[in-house]
Amino acid sequence: MRIPIERHSSTAVYLQIRDRIRHLIETGALRSGDKLPSIRTLSASTRVNKLTVIEAYNVLAAEGLVEARQGSGYFVCSAKSDRTESKHQLSKHQFAPPQDTIVLEQPPLPPLIEEFQGGSSFNLYMKSVQARQQPGTIDLSSGFSLASGLDDLPRVARRAVKQISGSLFNYDLPQGQLILRQQIARLLVQQHGLNVTADNLIITNGSKQGILLAVHHYVKPGDWVLVESPTWYGMLSLLYNMGARVIGIPMTPEGINLELLEKNLYTYRPKLIFTVSTLHNPTGLTTSLDHRRQLLALAEKYDCIVLEDNAYEGLNFEPVPVPIKALDTSDRVIYAGTFSKTIMPGIRVGYLVVTGEDYQPLVERKLHYDIHVSTVSQAIVSEYLASGHYRHHLAHLQAVHLQSRNAMLDAMQRHYPPATYWTIPKGGTFLWVQMPAHLPLAAICQKALARGVFVAEGTPFFPGGQQSYPALRLNFTLLPEQIEQGIAILGEILQDYV
Ligand SMILES: Cc1ncc(COP(=O)(O)O)c(C=O)c1O
């Protein structure tokens, strides 16, 4: 197959590939069941990066034009001819969303992208906790910061508990202690450009609980929710378990594919878009300010709530744009933050930022769930913030994480086979490594574990349960010597297969 690439065109290369293949399908040159060239072949013949080809194929798959078959590659969809004739087909030419109309009824269309069929994050979570408890294991899978620079925390904690000892025998406010809410609000205003006060904050048991509160508030079983694909598997599991119907919109190097986002907003009228716009889990990508504006404009146009999960907030060692919440003027964005990544996960203190009339019902919901977050945990975080330790600790984490990220980039460069590609995050704790498609990643991860290196496969991060997606999520927040050892072992195993 010949695909001419116009390198100076304003159309991105992956879209040029998509358009050409789409054209071949629409004109009948490619027919139902035809196999597309392998990623490797097309990448070589077009002289573009494999990630670009994967991106093009992902977009075609998302449009329902091609499908991935496990271990065999990509094929033109068998149902294609039906779909082209269907009046509901959303090809580029027919897609014309109404400008100002809001269609409230859900059109009876088949999903453009497979629904998430299930699976729970329980096993993955347990594996990760157990791996951490095995002495000597190099855990490249979990999303924690380096556990260093916290020497002052025990002293701060003792002081905090002493100060609140009188109030420990009472229940507290469901929305959390006022002082802590004021401190977090100040931080969000000064450092992240949000326009909020203590009265917009609900302290939650980690951001996971804030996300759960929001999802239960806005989404009923059977409602559609749009997520980035890949995304944090904890969210997929949560949505699946509460009976939401999930559509994954492919991620591009710039963030969620906005064209597909609009198509799906138009078709499904989802209740919620879930996004990790900054230091995305699992890819480590951060979207641009312009991308954030466009995403918010689409949410406005289709009257959809945006749940912005900023779990890695503050862990950037390069500048990042303000969160989408900072651009929100119509109380459409719910923002979740946490101290799990910047202090420690065990403290279980996160927060939800809600502006507008939904604040009070969400506070009431928090009361129904578990009354309030531990007064002790809240007091420790509050004292840690008040004493200035938090600011110093963030600066410390940013510096050591930068070193760790660079150590991992350097180690991968030396140890990995040539056909692997990775993201270069501006902070956070992960990067995403795209592997040659034929590698048996499950077996590779198993071998790595047998040699004491725990790695997360890419597959569970995809809604729709893509089988054996050829990627790994790697946590770089380890000591440089652990990174070197872990990546060298992984590299050796990979080289055996390449
Ligand atoms: C993207 C994302 N959101 C939320 C969470 C949950 O964090 P918390 O410990 O604050 O509940 C995690 C944890 O790994 C995460 O990666």
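Here is a friendly question-and-answer tour of the predicted model shown above.

Visitor: What should I know about numbering and confidence before I start?
Guide: Residues are numbered from 1 along each chain as its sequence is written. This is a predicted model, where local features need pLDDT of at least 70, side-chain atom pairs count only at pLDDT 80 or more, and totals for chains, interfaces and linings use all residues. Here pLDDT is the predictor's confidence in each residue, from 0 to 100. The share of residues in the protein chain that score at least 70 is 90%, and the average pLDDT is 86.

Visitor: How many helices and strands does the protein chain have?
Guide: Helices (H or I, at least four residues) and strands (E, at least two) are DSSP runs, numbered from the N terminus. On that basis, the protein chain has 16 helices and 16 strands.

Visitor: Which strands stand at the edges of the open sheet of 8 strands?
Guide: Two strands pair if DSSP finds at least two bridges between them. The order in this sheet is β4-β11-β10-β9-β8-β5-β6-β7, with mixed pairing. Two strands have a single partner each, so one side of each is left without a neighbour in the sheet: β4 (201-204) and β7 (255-256).

Visitor: Which helix packs on that sheet, touching β4 and β11?
Guide: Its direction makes about 115° with that of β4; axes are lines fitted to C-alpha atoms, for helices over the stretch in contact, and angles run from 0 to 180 degrees between N-to-C directions. The helix is α7, residues 178-192.

Visitor: In β11, what is the bridge partner of G337?
Guide: Strand β10 (residues 333-338) and strand β11 (residues 350-353) run antiparallel and are joined by 4 bridges. In β11, G337 has as its bridge partner Y351.

Visitor: Which residues come nearest to the ligand?
Guide: A residue is near a molecule if its C-beta atom, placed from the backbone, lies within 6 Å of it. Helix α8 (residues 206-218) gives the most to the shell, with 3 residues. Of the 14 residues around the ligand, the nearest are G206, K208, A311, T338 and S340.

Visitor: How many residues of the shell around the ligand are charged?
Guide: Ala, Val, Leu, Ile, Met, Phe, Trp, Tyr, Cys and Pro count as nonpolar, Asp, Glu, Lys and Arg as charged, and the others, Gly among them, as polar. The shell has 4 nonpolar and 8 polar residues, and the number of charged ones is 2.

Visitor: Is K50 buried or exposed?
Guide: K50 is found in helix α3 (residues 50-62). Among the residues that K50 touches, beyond four places away in sequence, are I39, Y421 and Q434. The C-alpha atoms of K50 and Q434 are separated by 8.8 Å, although the two are 384 residues apart along the chain. Because K50 has 21 other C-beta atoms within 10 Å, K50 is buried.

Visitor: Why does D331 count as partly exposed?
Guide: D331 lies in the loop between β9 (305-309) and β10, and has a positive phi of about 55° although it is not a glycine. D331 is partly exposed because its C-beta neighbours inside 10 Å number 14.

Visitor: Where is the cis peptide bond with omega near 10°?
Guide: Most residues other than glycine have a negative phi, and most peptide bonds are trans. P230 lies in the loop between β5 (224-229) and α9. The cis bond runs from S229 to P230.

Definitions and conventions
Two residues are in contact if their C-beta atoms, placed from the backbone, lie within 7 Å. A residue is buried if 20 or more other C-beta atoms lie within 10 Å of its own, exposed if 12 or fewer, and partly exposed in between; C-beta atoms are placed from the backbone.
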